Amino acid sequence: MNTASASAPAQDAATEEPRWLTDDEQRIWRSYLHATTLLEDHLDRQLQRDAGMPHIYYGLLVGLAEAPRRRLRMTELAMKSKITRSRLSHAIARLEKNGWVRREDCPSDKRGQFAVLTDQGAEVLGRTAPGHVTAVRQAVFERLTPEQQETLGEIMQIVAEGLQPSDAGADLPWLR
């Protein structure tokens with residue numbers, strides 16, 4: 001069975017057969033899945049070893065570090081991280097327990113909250129970032145020529161733009 005068929009747009013089964021992947025497309029698709037799974041595992045293991053955190057937590061800390069005054073509304077952080085509000089809330093609770101993040105109420109919206117990177121969180125991020133960038137560099141950039149890097153960037157941008165919903169009623173993770 002073709003693994004990509006489950007994510008294909010719904011088609012009227014009575015009038016049109018699915019466009020199954022060719023052998024070459026299937027090879028490329030499976031190589032992509034294999035590489036991205038291995039890469040995520042590689043980065044997760046490096047971050048767990050060096051900082052005791054999964055890759056998703058590192059991304060949240062980076063998002064906060066790059067924000068003005070190291071703070072973002074929770075909804076904005078969920079959107080930036082492409083995760084559900086529930087998953088974000090759980091992650092922030094764990095980061096709070098570690099002392100790396102704190103929540104603050106939003107003065108203009110009683111239901112809103114900010115996630116704020118603490119000084120301790122910034123220190124952890126500062127200690128962790130060099131090892132993480134080394135892991136990324138070794139896993140991806142040192143294996144590719146400059147031309148391949150450019151092509152990879154262009155391809156990923158095209159894929160991301162094609163998947164980024166633009167309609168108001170889109171089913172987006174950070175709205176769930």
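These notebook entries record what I looked up in a predicted model of one protein chain.

**Entry 1. Ground rules.** I numbered residues from 1 along each chain as its sequence is written, and I left hydrogens and water out, since side-chain values use heavy atoms.

**Entry 2. Overall layout.** I looked up the elements, taken as DSSP runs numbered from the N terminus (helices: H or I, at least four residues; strands: E, at least two). The protein chain has 6 helices and 3 strands. From the N terminus on, I read their order as α-α-β-α-α-β-β-α-α. Of the 176 residues, 27% are buried; buried means under 20% relative accessible area, exposed over 50% and partly exposed in between, with a 1.4 Å probe and protein chains only. I also looked up contacts (heavy atoms within 4.5 Å). Among those with a separation of 6 or more, 54% join residues 24 or more positions apart.

**Entry 3. The sheet.** I asked in what order the strands lie. The sheet is open, has 3 strands and runs β1-β3-β2 with antiparallel pairing; two strands pair if DSSP finds at least two bridges between them. The edge strands are β1 (71–73) and β2 (101–106), each pairing on one side only. From one strand to the next, the twist averages 30 degrees. For angles, I note that axes are lines fitted to C-alpha atoms, for helices over the stretch in contact, and that angles run from 0 to 180 degrees between N-to-C directions.

I counted 3 bridges between β1 and β3 and 6 between β2 and β3. β2 and β3 form a hairpin with 2 residues between them. Ala115 of β3 is the bridge partner of Leu72, and Ala115 is also the bridge partner of Arg103. Arg71 has Val116 of β3 as its bridge partner, and Asp105 stands opposite Gln113 in β3. Helix α3 packs on the sheet and touches β1, β2 and β3; its direction makes about 95 degrees with that of β1.

Entry 4. Not counting residues up to four places away in sequence, Val101 touches Leu61, Leu64, Ile92, Leu95, Glu96, Ala115, Val116 and Thr118.

**Entry 5. Rings.** I searched the whole structure for aromatic pairs and found 1. The rings of Trp29 and Tyr32 have centres 5.7 Å apart and planes at 25 degrees, so the pair is stacked. Rings of Phe, Tyr and Trp (its six-membered ring) pair if their centres lie within 6.5 Å; planes under 30 degrees apart count as stacked, over 60 as edge-to-face and the rest as tilted. Trp29 and Tyr32 are 3 residues apart in helix α1 (residues 23–51), so about one helical turn separates them. Trp29 is partly exposed at 29% relative accessibility, and Tyr32 is partly exposed at 37%.

Finally, Arg71 lies over the face of Phe114, at 4.5 Å from the ring centre. A charge sits over a ring if NZ of Lys or CZ of Arg is within 6 Å of the ring centre and within 35 degrees of the ring normal.

Key: This is a predicted model: local features need pLDDT of at least 70, side-chain atom pairs count only at pLDDT 80 or more; totals for chains, interfaces and linings use all residues.
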